[in-house]
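The sequence and the structure come before the notes.

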Amino acid sequence: MEAAARRRQHPGAAGAPGVQPGASFLQARHSSVKADEAAGTAPFHLDLWFYLTLQNWVLDFGRPIAMLVFPLEWFPLNKPSVGDYFHMAYNIITPFLLLKLIERSPRTLPRSMIYVSIITFIMGASIHLVGDSVNHRLIFSGYQNHLSVRENPIIKNLKPETLIDSFELLYYYDEYLGHSMWYIPFFLILFMYFSGCFTPTKAESSMPGAALLLVVPSGLYYWYLVTEGQIFILFIFTFFAMLALVLHQKRKRLFLDSNGLFLLYSFALTLLLVVLWVAWLWNDPVLRKKYPGVIYVPEPWAFYTLHVSSRH
């Protein structure tokens, strides 16, 4: 009788001392989730990588080309251009695809950081939308991308001179603030996703043929992104962080899965293309003047206005 009364007063006495009834179950479940995350391997996301690569080429790389191809009469200079509509679509589709990519990660990623990164990405891309729209419209008036704002023929003689400061502010929003708020969260999201692309099975550390075919257009696009966006330092830092993570995980006998290999090979190809691009234009005196810093990475559109459009 006394033993039964003690059990009714202290229901946890029958188990381990000081442990709540469901604690052992929750601990076991938590350990099981961790084990599943370590052992889980996602198949190659051909659909998401294909859509992401396609929309990058069409909506980002193709944006300024569309502005030059479509007749100016269809999109007057005081209205949004076709490239602006491309940019608006990019600002919606890219965050959606990044969120879908994060959802398929075999590892649970920090949700708060993901949400803040996506919000910052959208804000930065939207700032860039406005600045880039005005900048590309100025090209129709004779603005030359290979020159600085104050050296441009259509800008340097403006009166009052404070107008030049306004154009430099617009350039700052476009090329510095917009790019930073756009690309830093973009690469951060890719790195966080990459951190979950490891498997304990070495046999699963390989890429299907479709992934190998996508590496070339993917790496080529990131070359455009790094050079035109002037984000070589951010890119190389991300790439080296990925390599360091691979070496760290290799000590734990964890290997990259197909999605991680796809990202790593795409970035490796990008680095190779950037090195070849810089080597090709190393002795260009005009571009050297515009990019005087230690890190010399000319923009493709600056090269276009200097060496291609000036001939026509």
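At 9% relative accessibility, His-136 counts as buried (buried means under 20% relative accessible area, exposed over 50%, and partly exposed in between, with a 1.4 Å probe and protein chains only). The model is predicted: local features need pLDDT of at least 70, side-chain atom pairs count only at pLDDT 80 or more, and totals for chains, interfaces and linings use all residues. Residues are numbered from 1 along each chain as its sequence is written, and side-chain values use heavy atoms, with hydrogens and water left out.

**His-136 and its surroundings**

- His-136 sits in helix H5, which spans residues 111-139; helices (H or I, at least four residues) and strands (E, at least two) are DSSP runs, numbered from the N terminus.
- Apart from neighbours within four places in sequence, His-136 is in contact with Pro-64 and Met-67, where contact means heavy atoms within 4.5 Å.

**Helix H3 against helix H5**

- Two packed helices are described by the angle between their axes and the distance between the axes.
- Helix H3 covers residues 46-69, and its axis comes within 11 Å of the axis of H5, with a crossing of roughly 35°.
- The axes here are lines fitted to C-alpha atoms, for helices over the stretch in contact, and angles run from 0 to 180 degrees between N-to-C directions.
- H3 passes H5 in a right-handed crossing; a crossing is right-handed if the near helix is turned clockwise from the far one by less than a right angle, and left-handed if anticlockwise.
- On the H3 side the meeting residues are Arg-63, Pro-64 and Met-67, and on the H5 side they are His-128, Asp-132, His-136 and Arg-137.
- Sorted by class, this contact of H3 with H5 has 2 nonpolar, 2 polar and 3 charged residues.
- In that sorting, Ala, Val, Leu, Ile, Met, Phe, Trp, Tyr, Cys and Pro count as nonpolar, Asp, Glu, Lys and Arg as charged, and the others, Gly among them, as polar.

**Salt bridges**

- The structure holds 9 salt bridges, each being a side-chain nitrogen of Lys or Arg within 4 Å of a carboxyl oxygen of Asp or Glu.
- One of them joins the side chains of Asp-132 and Arg-63, at 2.4 Å from N to O.
- Asp-132 lies in helix H5 and Arg-63 in helix H3, so this pair ties together parts that are 69 residues apart in sequence.
- Asp-132 is buried at 7% relative accessibility, and Arg-63 is buried with a relative accessible area of 6%.
- Asp-60, Arg-63 and Asp-132 are linked in a network of salt bridges.
- Lys-100 and Glu-103 meet through their side chains in a salt bridge of 3.2 Å, N to O.
- Both Lys-100 and Glu-103 lie in helix H4 (residues 82-103), 3 residues apart, about one turn of the helix.
- Lys-100 is partly exposed, with a relative accessible area of 29%.
- Glu-161 and Lys-159 form a salt bridge whose closest N and O atoms are 3.9 Å apart, and both residues are exposed.

**Two further helix residues**

- Phe-61 is found in helix H3 and is partly exposed, with a relative accessible area of 25%.
- Leaving aside neighbours within four places in sequence, Phe-61 is in contact with Asn-56 and Tyr-224.
- Phe-61 and Gly-83 are 22 residues apart in sequence, and their C-alpha atoms are 10.0 Å apart in space.
- Ile-119 lies in helix H5 and counts as exposed at 58% relative accessibility.
- Ile-119 and Pro-95 are 24 residues apart in sequence, with 8.7 Å from C-alpha to C-alpha.

**Annotated transmembrane regions**

- An unreviewed UniProt entry carries the annotation "transmembrane region" for residues 85-102, 114-131, 176-194, 206-224, 230-248 and 260-282.
- UniProt positions are given in the numbering used here, feature names are shortened, and annotations may be inferred rather than shown by experiment.
- In the model, residues 206-224 are 84% helix and 0% strand, with the end C-alpha atoms 27 Å apart.
- Residues 260-282 are 91% helix and 0% strand, with the end C-alpha atoms 33 Å apart.

**The chain as a whole**

- The chain has 12 helices and 2 strands, in the order α-α-α-α-α-α-α-β-α-α-β-α-α-α along the sequence.
- Of the 312 residues in the chain, 43% are buried.
- Among contacts with a separation of 6 or more, 78% are between residues 24 or more positions apart.
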